[in-house]
Amino acid sequence: MLKRKKTKEYSYYQEFIEVSAMAVSAAKLMTSILADYNLETLETRLKELHEIEHAADQKKHKMMSYLYSDFLPPLEREDIIDLAGELDTTIDTIEDTLIHIDIYQIQEITPAMLKFMEIIEKSALSLDEAINDLKNFKKSKIIKEAIITINRLEKQGDSLYTRSVKKLFIEQQDALTTMATTNIYDRFELATDSFEAAADVIERIVLKNS
């Protein structure tokens, strides 16, 4: 008798882990691009970042397609959809920031931009810790600590945003430079907010199922 070939079971948790790792990669790549900033090669580096964003999109679409016909997902459908969306958004906002740096042809990276990336990279690493322990959410201490860290980092991002924009207007550079730099700071803040939004979904999952 022929034995039926066992198919590999789809794991939402594993897919979340893989997308979270992409968010970390996107943050690290962005940090590298800004630390060794070169406007002439920016379009090429942007393509590298877009490849990560595109791969994350593909994983999200695959997850939604699987969820459509899954009778018994391990979490509520709404929670899976929300977490998949927020994880994808963390990468989207990082890419969007670099896109606008390219659009505005920013000549040099400010210390505040590098500080924003430090906050974003730390947020990505903390979120990754939480995602990697998500399947143990009912008894996880790692998730709680990671959420606290991400919330603290988001507040640091808000404070950095306020100080940095205020500094621009105090220094009163030309209007175009001030407008462009403010717009970039707006996008950096959205990126820090996106990690808190993902952490909020994880916290909701834990509270709902505890």
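Reply: In this predicted model, the largest cavity holds about 40 Å³ of space, where a cavity is a set of points, on a 1 Å grid over the protein atoms alone, at which a 1.4 Å probe fits but cannot get out. Its volume is the space filled by probe spheres set on the points, which are joined across faces, edges and corners. The structure holds one cavity of 30 Å³ or more. Lining residues, meaning those with an atom within 4 Å of a point, are Phe16, Val19, Ala56, Lys59, Lys60, Met63, Ala84, Leu87 and Asp88. Two or more of the lining residues come from each of α1 (12-35), α2 (42-68) and α3 (77-103), these helices being DSSP runs (H or I, at least four residues) numbered from the N terminus. With four residues, α2 gives the most to this lining. Sorted by class, the lining has six nonpolar, no polar and three charged residues; Ala, Val, Leu, Met and Phe are among the nonpolar types, while Asp and Lys are among the charged ones.

As for confidence, pLDDT is the predictor's confidence in each residue, from 0 to 100, and the chain has a mean of 94, with 96% of its residues at 70 or more. Over residues 1-7, however, the pLDDT is below 50. Where pLDDT is low, the predicted coordinates should not be read in detail.

Residues are numbered from 1 along each chain as its sequence is written. In this predicted model, local features need pLDDT of at least 70, side-chain atom pairs count only at pLDDT 80 or more, and totals for chains, interfaces and linings use all residues, while side-chain values use heavy atoms, with hydrogens and water left out.

Methods
On a 1 Å grid over the protein atoms alone, a cavity is a set of points where a 1.4 Å probe fits but cannot get out, and a pocket is an open set with protein on both sides within 12 Å along at least five of seven lines; lining residues have an atom within 4 Å of a point. Contact means heavy atoms within 4.5 Å.
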